[in-house]
Amino acid sequence: MLKSSSKILQLCRKWISDLSLKKLILILPPIFLIIYVSFSSISSVSTGNIIFNPFSNFAPINSIFNSKASVSGSGSDSGSVFGSGFPVIKDELDRARIGVCLVGGARRFELTGPSIIQKVLKIYPNSDLFLHSPLDSKAYKLSLLKAAPRIAGVRIFRPQPIPETESEVRVLTASNSPNGIQGLLQYFNLVEGCLTMIQDYQKQNNFTYDWIVRTRVDGYWSAPLAPENFIHGHYLVPPGSSYGGLNDRFGIGDYNTSVVALSRLSMIPLLDSAGHRLLNSESAFKAQLTTQQVPYLTMRLPFCVVTDRQYEFPPSHYGVPVAALSSLGPLSGAKCRPCTPACTGSCVELAMNRLDKGWSWTDWANNSLKLCDAHGEWENGWEKVFDRVAGKKLAAARRRIEGLKLDQCVSAFAQMMNKTAHWEAPSGFEICSLGLLDSP
């Protein structure tokens, strides 16, 4: 393919040398079209997880031809503090300061945590991790983060009820939230609390992060977070799983856009003043960006949210599809679990065509999705399914947690604390003993 492109360029040079200026003006447009089609065919060639893109080092051109990005909506760009919308190249990101905000309960962190370390934190060596997580019987699994390259802040806290204000009751709805409005407030507190940790760290060290990546503790990453997902002046979110708003399971933005996106609690009075009512998490998130005129876009991302929740199968019009972890994806934050797929090929087409695209729909074309029957508990032998899909390194991390002893857990938290700039958490012994039995 590269040889054929070279021949085309040589022919073009010969033709141009033989043409008059008037003829040259007429023939230039089709020549450029031929060259572009030739390069486009090269750019679609995949080698492993790497897509060769001849325009990758030319941000303005790349932003035009990159078909994976979709501008879903925005506030007005006129007079905005937000930038041009050009993607960032890897060299720039290697020099940038990146804060990674990791929030949520540990749940299945033995499955998700090692993928976050490998596919996000180690991809960007200048990134600083900020963990904001509730203390519960699964929190001992967070000891896996001792392998994170850099940790700026850790806050593991005892959850307390959050008083519900009048504006919160007006703006938010308890519908489809497992724990009602209180569940939303707890989630919003996790997200905004992580932003507070980042801002405090910046003040103490007299700098500002160039980028903030916000992701979830229960997210499993099947491939690295690519540089093309960092877009100047825009807040990037995954498509699908939008539930009438925007998918809020992941986000990337520069500092200015991220402050708006992560201010989940403090933005509620502004949403109230703007007349917003009965919003779920996703629609409240979209309202935050639009009322503050933050441009946003969507791009497919290689992660899914590992869930223990049970969902009807096959999913109804407003149902929730649960992807098999073995799906090719990218799954863009769809719910998933390790399973033997119950629905593939034409079955997936039938199931997904029934779903409302503005609700829990996710991309499924090109055999990129397999579905689990998630109406019951995880199947027996799911561990083997996970190990086969995730590979040896992630399987080994899962087994380490499975066989973890109390003293090993305490030691791991001590190592983690020693490499953390700001630590706000119970003792390692207290965290570990909640979920582990003391054994010699």
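Which residues have the most contacts inside the largest nonpolar core? The legends below concern a predicted model, and the first of them takes up this question.

**Figure 1. Overview of the predicted chain.** The chain of this predicted model holds 15 helices and 15 strands. Of its 440 residues, 51% are buried. When contacts between residues at least 6 apart in sequence are considered, 76% of them join residues that lie at least 24 apart.

**Figure 2. The largest nonpolar core, with Leu-225 and Phe-230.** This core has 50 residues, and Leu-225 and Phe-230 are those with the most contacts inside it. Helix α5 (residues 109-121) supplies the largest share of the core, namely five residues. Another core, of 40 residues, lies apart from the one shown here, and Val-171, Ile-198, Val-260 and Leu-265 are among its members. If residues up to four places away in sequence are not counted, Leu-225 touches Lys-119, Val-120, Ile-123, Tyr-124, Val-213, Phe-230, Phe-250, Ile-252 and Leu-301.

**Figure 3. Surroundings of Pro-224.** Pro-224 is placed in the loop between β8 (219-221) and β9, and with a relative accessible area of 36% this proline is partly exposed, because the value falls between the 20% and 50% limits. Once its neighbours within four places in sequence are left aside, Pro-224 is in contact with Lys-119, Ile-123 and Pro-302. The C-alpha atoms of Pro-224 and Lys-122 are separated by 9.3 Å, although the two residues are 102 residues apart along the chain.

**Figure 4. Helix α10 and its packing partners.** Helix α10 is mostly covered, since eight of its eleven residues are buried; these are Ser-281, Glu-282, Ser-283, Ala-284, Phe-285, Ala-287, Gln-288 and Leu-289. The elements against which the buried residues of α10 pack are the helices α7 (180-205), α8 (255-262) and α9 (268-273), together with the strands β9 (235-237) and β11 (296-299).

**Figure 5. Close-up of Ser-281.** Ser-281 has its place in helix α10 (residues 281-291). Its relative accessible area is 7%, and Ser-281 therefore counts as buried, the limit being under 20%. Apart from neighbours within four places in sequence, the residues in contact with Ser-281 are Leu-184, Tyr-187, Phe-188, Asp-248 and Arg-264.

**Figure 6. Helix α12 and the glycine that follows.** In helix α12 (residues 382-390), the buried residues include Trp-382, Val-385, Phe-386, Asp-387 and Ala-390. An α-helix has 3.6 residues a turn, so residues three or four places apart point the same way. The buried residues of α12 pack against α5, β8 and α13 (392-402). Gly-391 follows α12 and has a positive phi, near 95 degrees.

**Figure 7. The crossing of helices α14 and α15.** The axes of helix α14 (residues 406-418) and helix α15 (residues 428-435) come within 9 Å and cross at roughly 140 degrees, and α14 and α15 are therefore oblique to each other. Their crossing is right-handed. On the α14 side, Leu-406, Cys-409, Val-410 and Phe-413 take part, and they meet Gly-428, Phe-429, Ile-431, Cys-432 and Ser-433 in α15. Sorted by class, the contact of α14 with α15 has seven nonpolar and two polar residues, with no charged residues.

Methods: Residues are numbered from 1 along each chain as its sequence is written. This is a predicted model: local features need pLDDT of at least 70, side-chain atom pairs count only at pLDDT 80 or more; totals for chains, interfaces and linings use all residues. Side-chain values use heavy atoms; hydrogens and water are left out. A nonpolar core is a set of buried Ala, Val, Leu, Ile, Met, Phe, Trp, Tyr and Cys residues joined through side-chain atoms within 4.5 Å. Buried means under 20% relative accessible area, exposed over 50%, partly exposed in between (1.4 Å probe, protein chains only). Helices (H or I, at least four residues) and strands (E, at least two) are DSSP runs, numbered from the N terminus. Contact means heavy atoms within 4.5 Å. Axes are lines fitted to C-alpha atoms, for helices over the stretch in contact, and angles run from 0 to 180 degrees between N-to-C directions. Angles under 35 degrees count as roughly parallel, over 145 as roughly antiparallel, 65 to 115 as roughly perpendicular and the rest as oblique. A crossing is left-handed if the near helix is turned anticlockwise from the far one by less than a right angle, and right-handed if clockwise. Ala, Val, Leu, Ile, Met, Phe, Trp, Tyr, Cys and Pro count as nonpolar, Asp, Glu, Lys and Arg as charged, and the others, Gly among them, as polar.
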